[in-house]
Every structure is written in C-alpha cells, then in structure tokens.
Amino acid sequence: QVQLVESGGGLVQAGGSLRLSCAASGSVCRIDDMGWYRQAPGKQRELVAGITRGGNTNYADSVTGRLTISRNNAKNTVYLQMDSLKVEDTAVYYCTSDVWTTTWRHREYWGRGTQVTVSS
C-alpha cells in the first residue's frame with residue numbers, strides 16, 4: 001500500500017507565499033513522474049505543475065513564473081513553492097505520483113488534498 005500525504009496549505013494574503021509538500025510512504029520502490037493539480041469550487045481539476053524523475057518540469061500558463069515544483073527522490077517527496085499568490089489560486093491542491101511498488105506494480109497515486117486560500 002502507498003500513501004501520499006500533503007502538507008503546507010493554509011490562508012495567505014494576495015502577494016504572499018506558501019510551500020506545499022507531499023511525501024509518499026509505504027510500499028514505494030521508485031517514483032517516476034510527480035505533480036500537483038488543483039480544483040477550485042465549481043471548476044474542473046487542472047494540472048498545475050509536473051516534474052519527471054530527472055527534474056524536467058512543466059507548468060500551467062497561469063502559474064508560470066510564480067510557482068516552482070521540485071522534488072527529493074531520496075525522500076520520495078515533491079514540493080510546490082508558491083510565490084506572488086493571487087486570489088484565483090484559491091483551490092484544493094492535490095499531489096500525484098507515478099509509483100512502482102516493492103512488488104513491482106505500477107500505478108498513479110493521489111493525495112487527499114490540501115486547501116490553499118488566498119485573500120484579497
């Protein structure tokens with residue numbers, strides 16, 4: 001069994017910063033791609049940022065230059081540094097990881113989400 005646990009969400013004023021973390025634990029052998037998605041009220045879930053095991057990144061146009069994804073492969077952890085936050089960044093943020101388990105099964109896992117609220 002594999003678990004992803006996010007942390008670091010909260011309430012911040014517009015222009016402020018937050019850092020999200022997501023740690024994978026359990027029967028993890030190796031993690032390939034990792035990423036962050038978000039879902040605002042009444043909207044579909046959308047990709048925010050992704051990162052390969054080798055460190056290649058991609059971002060949604062709306063967050064480029066403000067949010068930075070990174071990872072620590074030794075800790076099975078992915079981070080999202082969020083700077084210059086805007087009210088429209090308010091959403092539940094979910095991490096995802098493409099995991100090979102210790103029994104060499106391969107599937108995508110999701111965290112339960114962490115709330116980010118940006119006030120004006």
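Q: Where does Ser97 sit?
A: Ser97 lies in strand S9, residues 91-101. Keep in mind that this is a predicted model.

Q: Is Ser97 buried or exposed?
A: Buried. Its relative accessible area is 1%, and the cut-off for buried is under 20%.

Q: What is Ser97 in contact with, beyond its neighbours within four places in sequence?
A: Leu4, Ile31, Asp33, Met34, Arg107, Glu108 and Tyr109.

Q: How far is Ser97 from Gly111, C-alpha to C-alpha?
A: The separation is 8.8 Å. The two residues are 14 apart along the chain.

Q: Switching to cysteines. How many disulfides?
A: The count is one. Cys22 is joined to Cys95, with an S to S distance of 1.9 Å.

Q: Which strands does that pair link?
A: Cys22 is in strand S3, residues 18-26, and Cys95 is in strand S9.

Q: Pockets next. What volume does the largest pocket have?
A: About 150 Å³.

Q: Which residues lie nearest its centre?
A: Asp33, Met34, Gly35, Tyr37 and Gly50. The lining of the largest pocket has 14 residues.

Q: Which elements give two or more residues to that lining?
A: Strand S4 (28-39), strand S5 (46-51) and S9.

Q: What's the make-up of the lining by class?
A: Five nonpolar, six polar and three charged residues.

Q: Now backbone angles. What's the phi of Ser84?
A: Near 50 degrees, a positive value in a residue other than glycine. Ser84 is in the loop between strand S8 (77-82) and S9. At 41% relative accessibility, Ser84 is partly exposed.

Q: What about Trp104?
A: Trp104 is not a glycine, yet its phi is positive, about 60 degrees. Trp104 is in the loop between S9 and strand S10 (106-110).

Q: Is Trp104 buried or exposed?
A: Exposed, at 51% relative accessibility. The cut-off for exposed is over 50%.

Terms used
Residues numbered from 1 in each chain as written. Predicted model: local features only at pLDDT ≥ 70, side-chain atom pairs only at ≥ 80, totals over all residues. Heavy atoms only, no water. Helix = DSSP H or I, 4+ residues; strand = E, 2+ residues; numbered from the N terminus. Buried < 20%, exposed > 50% of the residue type's maximum accessible area, 1.4 Å probe, protein only. Contact = heavy atoms within 4.5 Å. Disulfide = S-S within 2.5 Å. 1 Å grid on protein atoms, 1.4 Å probe; cavity = no way out; pocket = protein on both sides within 12 Å on 5 of 7 lines; lining within 4 Å. Points joined across faces, edges and corners; volume = space filled by probe spheres on them. Nonpolar A, V, L, I, M, F, W, Y, C, P; charged D, E, K, R; others polar.
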